[in-house]
Amino acid sequence: MIQDAMKNQAVTTVVFDFDGTIADSLVSLVGIYNTVLAPLFDTRPVDPSQQERLRSRHPRELMREFGVTWRKLPRMVVRARKELNRRIPKLSTQDGIGEVLHELKERDFTLGILSSNSTKNVNLFIETHQMESLFDFIYTGKHLLGKHRIIRSMLRHHHLHAPNVLYVGDEVRDIEAGRKIGVKTAGVTWGFNSKDALQKAAPDFLIERPRQLAEML
């Protein structure tokens, strides 16, 4: 049934979020936040024992809980990107995602990456893991919580038709952004937000393991 639904919607392009969806970067990002960002920007650190609870929260709720203001956020993102760059070579891919990417490429899907991380970091990661040939484009931008704007910009830039695009992400905001501009979404449960949080956001598809993505397409 899922496979038939996807065929009827004529998906030809699959766009992936980067952090948490392709790159297993959550632990590194939490470490950067606790050791660098929280002391520097006077915000509250993350208690490691609370990480699973935090996966159910919306980014705006987390900002309030940890004292991250809109004024601080842009500078925190820039610093986080710089700190992550040093750790990129040691990051691994999410289990099973590499095989699925290769399969989708062999099946002639157009593959892209859309990320709030820097182009430099994304390129370093895919070069480290020898994935350069898999992606037709990488599109990055400082969208913070306005991710629908950068998705819309990506569609225009690459001449993509929204109904033919599936956006694969690990956060509630990915699902919300896709819905705003008519892009189908698949929420993956192995990244930032929990399965329950993603279900509440009502993605078109909920994916619990990478193989399911290849199967439904």
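Contact here means heavy atoms within 4.5 Å. With that in hand, welcome to a predicted model, in which local features need pLDDT of at least 70, side-chain atom pairs count only at pLDDT 80 or more, and totals for chains, interfaces and linings use all residues. Residues are numbered from 1 along each chain as its sequence is written, and side-chain values use heavy atoms, leaving out hydrogens and water.

**Confidence**

- The chain has an average pLDDT (the predictor's confidence in each residue, from 0 to 100) of 91, and 94% of the residues score at least 70.
- Among the elements of the chain, helix H1 (residues 2–8) has the lowest mean pLDDT, 47, while E1 has the highest, 98.
- Residues 1–8 have a pLDDT below 50, and this stretch makes nine contacts in the model beyond near neighbours in sequence.
- Where pLDDT is low, the predicted coordinates should not be read in detail.

**The sheet**

- Helices (H or I, at least four residues) and strands (E, at least two) are DSSP runs, numbered from the N terminus, and two strands pair if DSSP finds at least two bridges between them.
- Six strands form an open sheet with parallel pairing, in the order E3-E2-E1-E4-E5-E6.
- Strands E3 (137–140) and E6 (205–207) are at the edges with a single partner strand each, so one side of each lacks a neighbour in the sheet.
- From one strand to the next, the twist averages 25°; axes are lines fitted to C-alpha atoms, for helices over the stretch in contact, and angles run from 0 to 180 degrees between N-to-C directions.
- Strand E1 (residues 13–16) runs parallel to strand E2 (residues 110–115), and four bridges join them; Val15 has Gly112 of E2 as its bridge partner.

**Helix H7 and its surroundings**

- Helix H7 (residues 119–128) packs on the sheet, where H7 touches E2 and E3, and its direction makes about 145° with that of E3.
- Asn121, Val122, Phe125 and Ile126 are the buried residues of H7, where buried means under 20% relative accessible area with a 1.4 Å probe, protein chains only.
- Viewed down the axis of H7, these buried residues fall within an arc of 125°, so they line one face of the helix; the arc is that of the directions from the helix axis to the C-beta atoms.
- Helix H5 (73–85), E2 and E3 are what the buried residues of H7 pack against.

**Asn85**

- Asn85 lies in helix H5 and touches Lys120, Asn121 and Leu124, not counting residues up to four places away in sequence.

Definitions and conventions
Buried < 20%, exposed > 50% of the residue type's maximum accessible area, 1.4 Å probe, protein only.
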